[in-house]
Amino acid sequence: MLLTAPRIHDGHHFLPPGSALEVDDRTGTVLAIRTGEGARGARHYPGVLCPAFINAHCHLELSHLAGLLPRGTGLVPFLRGVVAHRAAFTEAQKREARRAAAAALHRAGTAAVADIANTPDTAELRAAGAPLHIHTFVECIGFHPAEANARFAAAKAVEAQFAAAPLAPGRIARQSVVPHAPYSVSEALMRRIGSDGEGILSIHNEESPAETAWFANGTGPVRDLLAGLGLPLEGHQPTSAPASLPVYGAWLPKHRRLLLVHDTCTTEATARWAIARFPKLHWVLCPGANLYIEGRLPDVPALLRAGADLCLGTDSLASNDGLSILAEAAHLHRAFPNDAPWEALLRWATSSGARALEMDDVIGSFAPGKRPGVLHLTPDFSAVQEWIVPHDL
Ligand SMILES: [Zn+2]
């Protein structure tokens, strides 16, 4: 089939006017980009065509918390709320919420998701429901150095359950153990996770001013949170660093692919430090959740000046109104119309996310041989009209 539209984004750029996309309608494989005479006879769609989206940060296991936690509280009260509500639902309610959220992800044009897991709860989604490629980041939390080995072993056991879970045909599913956040993982545990194989790493990075205060002088709401969880705090050495990333980043290996999520408080200088240290670095912005929790956005112009490779995530339904990558892009476009034009936003939403999840050989761009899925967007980028070509044929 031959498809055309006033604007076609190939995952990197808008193609010249008059281009058409040739796709094998049996397999969904991209065959060619055609121009001139070769584009004649293409089926015309008003609006925009682009590859299906990659959601580079989502917590499907928290889907049952939709709408429960108040806005604008700041990170620490938010995390307390997550912990407080965790036991208040039946397994059946939680399973239903997870399946509905996965279906919503797919309806919103998502081909692949980076799913953050503390439990094996989302393993069943690999075989059931919406056709998503999934990289599961099994999250490890452990403040006290003495518990590093036990916490790591528990996460490896969860990871093994994901690795053994049944997988529907045609889907990509991988997993790796990752640290939760700079303030919730000891140096010993951070180093243990970093030395665990070659899989992708992901961490919630510089999400809140409270995190910076904890690293800079050992005070503030993060201290209160950890104390409230009953964690012993005597091991924490304030570093007088103006940011957390240069502290914990030195504990992680340079060569592994690393996703830094949120980056709400990251400065240009810190971003430059990290980009110089980690050759395979990705910055995952979740603006909807930042606005929901902290009421502020990352400094996108500063990140871009530093040369950051950006992609997009939704975080969870506990901290967002939906699971739409297009809605995340719209948040950034409203706040940074000059630095985040739609040509860049659609790149972050597709090919950049695919590289971050090491799925760019299959999805994320209209290159011959790939099966990225084809979306039809409204002319104003406000909605996904339809999946023209599925990514899982
Ligand atoms: Zn998160």
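Let's start with His262. It lies in strand E12, residues 258-262. Strands and helices here are DSSP runs, numbered from the N terminus; a helix (H or I) needs at least four residues, a strand (E) at least two. The phi angle of His262 is near 90°, a positive value in a residue other than glycine. His262 also counts as buried, at 0% relative accessibility. Buried means under 20% relative accessible area, exposed means over 50%, and partly exposed is in between, with a 1.4 Å probe and protein chains only.

A word on where this comes from. This is a predicted model, where local features need pLDDT of at least 70 and side-chain atom pairs count only at pLDDT 80 or more, while totals for chains, interfaces and linings use all residues. Residues are numbered from 1 along each chain as its sequence is written, and side-chain values use heavy atoms, with hydrogens and water left out.

Back to positive phi. Glu358 has a phi near 55°, again in a residue other than glycine. Glu358 sits in the loop between H12 and E15. Buried or partly exposed? Glu358 is partly exposed, at 33% relative accessibility.

Find Cys286 in the loop between strand E13 (281-285) and helix H9 (287-293). Its relative accessibility is 0%, so Cys286 counts as buried. Contact means heavy atoms within 4.5 Å. There is also Cys265, 21 residues away along the chain from Cys286. The C-alpha atoms of these two cysteines are separated by 13 Å.

Next, Ser319. This serine is in the loop between strand E14 (310-312) and H11. Ser319 is buried, with a relative accessible area of 1%. Set aside neighbours within four places in sequence, and Ser319 contacts Phe78, Gly288, Ala289, Tyr292 and Ile293.

Phe78 takes us to helix H1. In H1, the buried residues are Leu75, Val76, Phe78, Leu79, Gly81 and Val82. What covers them? The cover includes helix H5 (209-217), H6 and H9.

Let's look at H1 with H6. Two packed helices are described by the angle between their axes and the distance between the axes. The axes of H1 (residues 75-85) and H6 (residues 221-228) come within 9 Å and cross at roughly 20°. Axes are lines fitted to C-alpha atoms, for helices over the stretch in contact, and angles run from 0 to 180 degrees between N-to-C directions. H1 and H6 are therefore roughly parallel to each other. The cut-offs: under 35 degrees is roughly parallel, over 145 roughly antiparallel, 65 to 115 roughly perpendicular, and the rest oblique.

Which residues make this contact? From H1, Val76, Leu79 and Arg80; from H6, Pro221, Val222, Asp224 and Leu225. They divide into 5 nonpolar, no polar and 2 charged. Nonpolar covers Ala, Val, Leu, Ile, Met, Phe, Trp, Tyr, Cys and Pro; charged covers Asp, Glu, Lys and Arg; the others, Gly among them, are polar.

H11 brings Ile325, Leu326, Ala329, Ala330, Leu332 and His333. H12 brings Trp342, Leu345, Leu346, Trp348 and Ala349.

Last topic, aromatic rings. How many aromatic pairs does a search of the whole structure find? It finds 4. Rings of Phe, Tyr and Trp (its six-membered ring) pair if their centres lie within 6.5 Å; planes under 30 degrees apart are stacked, over 60 edge-to-face, and the rest tilted.

One is Phe14 with Phe381: tilted, 6.4 Å centre to centre, 50° between the planes. Phe14 lies in the loop between E2 (7-8) and E3 (20-23), and Phe381 in the loop between E15 (374-377) and E16 (384-389), so the pair ties together parts 367 residues apart in sequence. Phe381 is buried, at 5% relative accessible area. Another pair is Trp273 and Phe278: edge-to-face, 6.5 Å centre to centre, 80° between the planes. Trp273 is partly exposed, at 32%. Phe278 is buried, at 2%.

And Trp342 returns here: ring pairs link Phe14, Trp342 and Phe381 into a cluster.
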